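Hello,

Here is the structure I promised to pass on to you. Have a look at it first, and then read my notes below.

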Amino acid sequence: MSGTHAGNPVAARVRRLEERLVESGHVTDEELDSILTRVLDGASPLNGARIVAHAWSDAGFRERLLADANRALPEVGLSMAGGLQEQRLKVVANTPERHNVLVCTLCSCYPVALLGPSPSWYKSEAYRSRVVREPRAVLAEFGLDVPAEREITVWDSSAESRYMVLPRRPEGTEELSEEQLAELVTREGLIGTAAV
Ligand code: FE
């Protein structure tokens with residue numbers, strides 16, 4: 001890790017913490033670099049889109065994914081084992097009766113190793129505090145109107161448990177290939193602030 005962090009107080013604080021860990025002999029700079037590379041290398045919402053497209057195309061995979069995501073991910077060449085220890089991933093499926101949305105009320109827990117860094121609004125105090133209290137209103141502000149008869153479940157992430165939403169497959173996509181299906185899926189769809 002190198003470079004300056006002028007104007008970025010969080011990065012500067014992280015760097016000071018890293019320096020202290022290195023100075024105290026807990027970890028070397030090289031070890032830190034290799035951990036971060038392992039966690040972030042290839043981590044992007046494209047992974048989530050690929051998982052969703054495969055689940056839409058293969059009912060057996062969908063079932064295994066919802067039952068135990070950590071065990072099913074290797075089927076699509078992915079895993080949650082990027083960091084120091086493997087995090088539990090639970091995939092929650094949207095249905096006509098239920099919409100799911102993710103938050104971390106304590107801080108900003110998110111399946112970074114799989115989906116890459118979370119959007120900045122996900123870390124905002126406003127989102128974290130409001131989506132729990134008034135999910136329907138918050139989702140409407142994202143442009144997602146969830147019908148009154150459809151329940152909304154808010155999943156609160158933690159250090160141990162991360163979540164990903166499996167959106168519903170849009171109508172009229174029967175002819176699309178898995179690759180084309182993956183192109184329909186957005187990061188917001190994987191968090192639950194968009195339909196897909
Ligand atoms: Fe958190």
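The iron ion is held by C104 (SG), C107 (SG), S108 (N), C109 (N) and C109 (SG), at 2.1 to 2.8 Å; donors here are N, O and S atoms within 2.8 Å of the metal (3.2 Å for Na, K and Ca), and since water is not among the atoms, sites may look incomplete. Along the sequence, the donor residues follow the spacing C-x2-C-S-C. C104 is buried at 1% relative accessibility, and C109 is buried too, with a relative accessible area of 11%. Buried means under 20% relative accessible area, exposed over 50%, and partly exposed in between (1.4 Å probe, protein chains only).

Please keep in mind that this is a predicted model, in which local features need pLDDT of at least 70 and side-chain atom pairs count only at pLDDT 80 or more, while totals for chains, interfaces and linings use all residues. Residues are numbered from 1 along each chain as its sequence is written, and side-chain values use heavy atoms, with hydrogens and water left out.

Now for the chain as a whole. It has ten helices and four strands (DSSP runs: H or I of at least four residues for helices, E of at least two for strands, numbered from the N terminus). Their order from the N terminus is α-α-α-α-α-β-β-α-α-α-β-β-α-α. The C-alpha atoms fill a box of roughly 55 × 35 × 25 Å along the principal axes. Of the 196 residues, 40% count as buried.

Enjoy exploring!
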